[in-house]
Amino acid sequence: MRVVVTGAGGYIGSRLVPALLEAGHEVTATFTRAASAERFWWADRVTVVQMDVLDRASARAAVAGADALFYLIHGLGGDDFATTDREGAYNAAHAAVRAGVGRIVYLGGLVPDLPDEDLSPHLRSRLEVEEVLTDSGVPTLALRAAMVVGSGSTSFEVMRQISERLPLQVLPTWMRSSRVEPVAVTDVVAALVGALGAPATSRAYDVGSGEPLAYAGLLRRYARLAGLTRVQVTVPMLPTALVSRLAPVLTAAPASTVQTLVESLHHDMVCREDDFRRELLPPGHRLTGVDTALERALLVPADRVPDVDRDVLGPLHSDAEWAGGQVSRRDGRPVHHARGGWRGLLLGPPPSR
């Protein structure tokens, strides 16, 4: 099958492309700048296309001749990201219709059981993109995930960096009651690949680990596996807006992205059904437990190991420069590194392909 992966240079896209190649698919990978594809080990195994999803002609050219389209583009930064996301989705949907694409696969966010007007701007935008793609008439399979666990994942990195930098964690009351269902990036990728073989019927799938946790409990579990001693103090009536403004100060991720994500945490982000296991995952696939996913995300491979041989739950050379932290795991135990962190010390420069 010829598939087009938009957002191929992003966290999910960069891990999905090699899985699609391994499954025998012909892949076209889109980048805003074609030259940026050079940092990925699989670049010479795909067709690299420069595409601006906000330009309709550019989107049509990228999708021409495709059997399936993976839409993995999200704008989390800026005051008008929802408008940008909507326009991009319209252009991608238009291109898919014109090209006669057989299905669209979209990765969005878990949607709490709330009226649309009560959703955070981030979740409301994700849902709107899903609706735009579905309304195109092209069969659209929307996978909805909450926190994706893996080194380099924005939500994981925010948790990692805040945990490392805050010995005393001041939490709003809702963090002890609201729950999140994390999912390992390996399971997300497996489900995305499996969506190509599922019935071509528009529908949404909730994707999770089967282990819902209170946000405070997830922070405690991470601290334990990272060998960190952290004290949690609950402050009643602590505004979510204040938390979302303070969180970016404690992380190296883009501030607007962190703020947008934190605003989405106020409500339960758990799966309401789990039929993705039966319909999207390959026979015999076992979901990765939360503890195992966190341990693997913290495991840094030996220096100079090429990305093709790395566990994608761990760090890749192509991950964002701001990803990483002061703690990793070696030989089943946490290892704390110098102030400069482990990235330059252990990850090293990219090995030649």
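Axes are lines fitted to C-alpha atoms, for helices over the stretch in contact, and angles run from 0 to 180 degrees between N-to-C directions. The model is predicted: local features need pLDDT of at least 70, side-chain atom pairs count only at pLDDT 80 or more, and totals for chains, interfaces and linings use all residues. Residues are numbered from 1 along each chain as its sequence is written, and side-chain values use heavy atoms, with hydrogens and water left out.

Helices (H or I, at least four residues) and strands (E, at least two) are DSSP runs, numbered from the N terminus. Helices α3 and α4 pack at an angle of about 15 degrees, and their axes lie 9 Å apart. The two helices are therefore roughly parallel to each other, a term for angles under 35 degrees. Their crossing is right-handed, that is, the near helix is turned clockwise from the far one by less than a right angle. In contact (heavy atoms within 4.5 Å), α3 residues including Phe81, Asp85 and Tyr90 meet α4 residues including Pro121, Glu128 and Leu133.

Burial (under 20% relative accessible area, 1.4 Å probe, protein chains only) is listed for two elements.

| Element | Residues | Buried |
|---|---|---|
| Helix α6 | 185–194 | ten of ten residues |
| Strand β6 | 140–145 | six of six residues |

Helix α6 is thus mostly covered, with Asp187 and Gly194 among its buried residues. Both faces of β6 are covered, Thr140, Ala142 and Arg144 lying on one side and Leu141, Leu143 and Ala145 on the other. Strand β5 (residues 103–109) runs parallel to β6 and is joined to β6 by six bridges; pairing requires at least two bridges found by DSSP. Arg144 in β6 is the bridge partner of Gly108.

How values were computed: Angles under 35 degrees count as roughly parallel, over 145 as roughly antiparallel, 65 to 115 as roughly perpendicular and the rest as oblique. Buried means under 20% relative accessible area, exposed over 50%, partly exposed in between (1.4 Å probe, protein chains only).
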